[in-house]
Amino acid sequence: MRILYFCTTWGQKMNSWDEFFSGIISHGYQGVETDLPAEGEKNEFMEGLEKYGLKFIAQHWETTAINLKSHQQEYEERLHKLAALKPLFINSHTGRDFFSWEQNCSLLDSAQKIEKETGVRIVHETHRGRFAYAAHVTAPFLNQRPELQLTLDVSHWCAVAESLLQDQPEVVNLAIKHTAHIHARVGFAQGPQVADPSLPEYAEALAFHLNCWDKVVENYKGDILTITPEFGPIPYMPHHLPQERQWQNNLYIMNLLKNRYQLNQS
């Protein structure tokens, strides 16, 4: 199995695509994870991917309408537009935490239909505000939809539960079995992002996340596992820290995991 590392554009792309791509290549990333490029930038984006030999994970997050009909229409339109760019797969922020079971299921049905129509896989992120906002509410979806694949960002679940999920190991392990992509950010009981994962005061939180990621690596059955270090900018990052800290945190996590999983590379 190969493990590929992707760079998020969130808070990190400041200039042209060419400059961004050359920068992430020089630091050892093998791909980019981003939302739909602006209409005037699509050609530059696609040409840059080819020029630098980068892989591409598409991210959907923009759909937030509270009316289901409007939400579903926009959701389907955005997924189709992303699929047209032929990414490795689409990572989707799907549904809303206040939608009913039936409403969120209808959106998962839409994603499944689009996946079949386009041939582009759609995985669903464990994210606050979405259908999979917490461990305990995600489990029934996984039990009733064995085909469901997740982007595991367990940091969100820590923030929601105000814990490192010590009392929910069965649900965490269930999610790990459904994980197809990792967002590697370290959360803690009071938030989805520690200030600096290398600091000793966050050792317990880092160890919990590493244990989850280790299990994903051990359980994953595919040929390629993808990981996006995803520490975010302000306000995820404390305001007193320099902007560079986001980039440094993501590099720290990528290099930590590259060293940790080097025996899994082939």
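**View 1. Lining of the second largest pocket in the predicted model.** Sorted by class, this lining comprises six charged, seven polar and three nonpolar residues. The second largest pocket has 16 lining residues in total. Those nearest its centre are Trp10, Gln59, Trp61, His93 and Glu230. Its volume is about 250 Å³.

**View 2. The largest pocket, with a volume of about 290 Å³.** This pocket is lined by 14 residues, and the closest to its centre are Gln12, Lys13, Met14, Phe20 and Trp247. The lining of the largest pocket divides into three charged, four nonpolar and seven polar residues.

**View 3. Helices at the largest pocket.** Helix H1, residues 17–26, and helix H9, residues 244–260, each provide at least two residues of the lining. The most comes from H1, which supplies four residues.

**View 4. The largest nonpolar core, made up of 72 residues.** Within this core, Phe21, Trp213 and Leu257 touch the most other members. Helix H8, spanning residues 203–219, contributes the largest share of the core, with eight residues.

**View 5. Surroundings of Trp213.** Leaving aside residues up to four places away in sequence, Trp213 touches Ile182, His183, Ala184, Arg185 and Val186, as well as Leu257 and Tyr261. Of these partners, Leu257 is listed together with Trp213 and Phe21 as touching the most other members of the largest nonpolar core.

Terms used: Residues numbered from 1 in each chain as written. Predicted model: local features only at pLDDT ≥ 70, side-chain atom pairs only at ≥ 80, totals over all residues. Heavy atoms only, no water. 1 Å grid on protein atoms, 1.4 Å probe; cavity = no way out; pocket = protein on both sides within 12 Å on 5 of 7 lines; lining within 4 Å. Points joined across faces, edges and corners; volume = space filled by probe spheres on them. Nonpolar A, V, L, I, M, F, W, Y, C, P; charged D, E, K, R; others polar. Core = buried A, V, L, I, M, F, W, Y, C linked by side-chain atoms within 4.5 Å. Buried < 20%, exposed > 50% of the residue type's maximum accessible area, 1.4 Å probe, protein only. Contact = heavy atoms within 4.5 Å.
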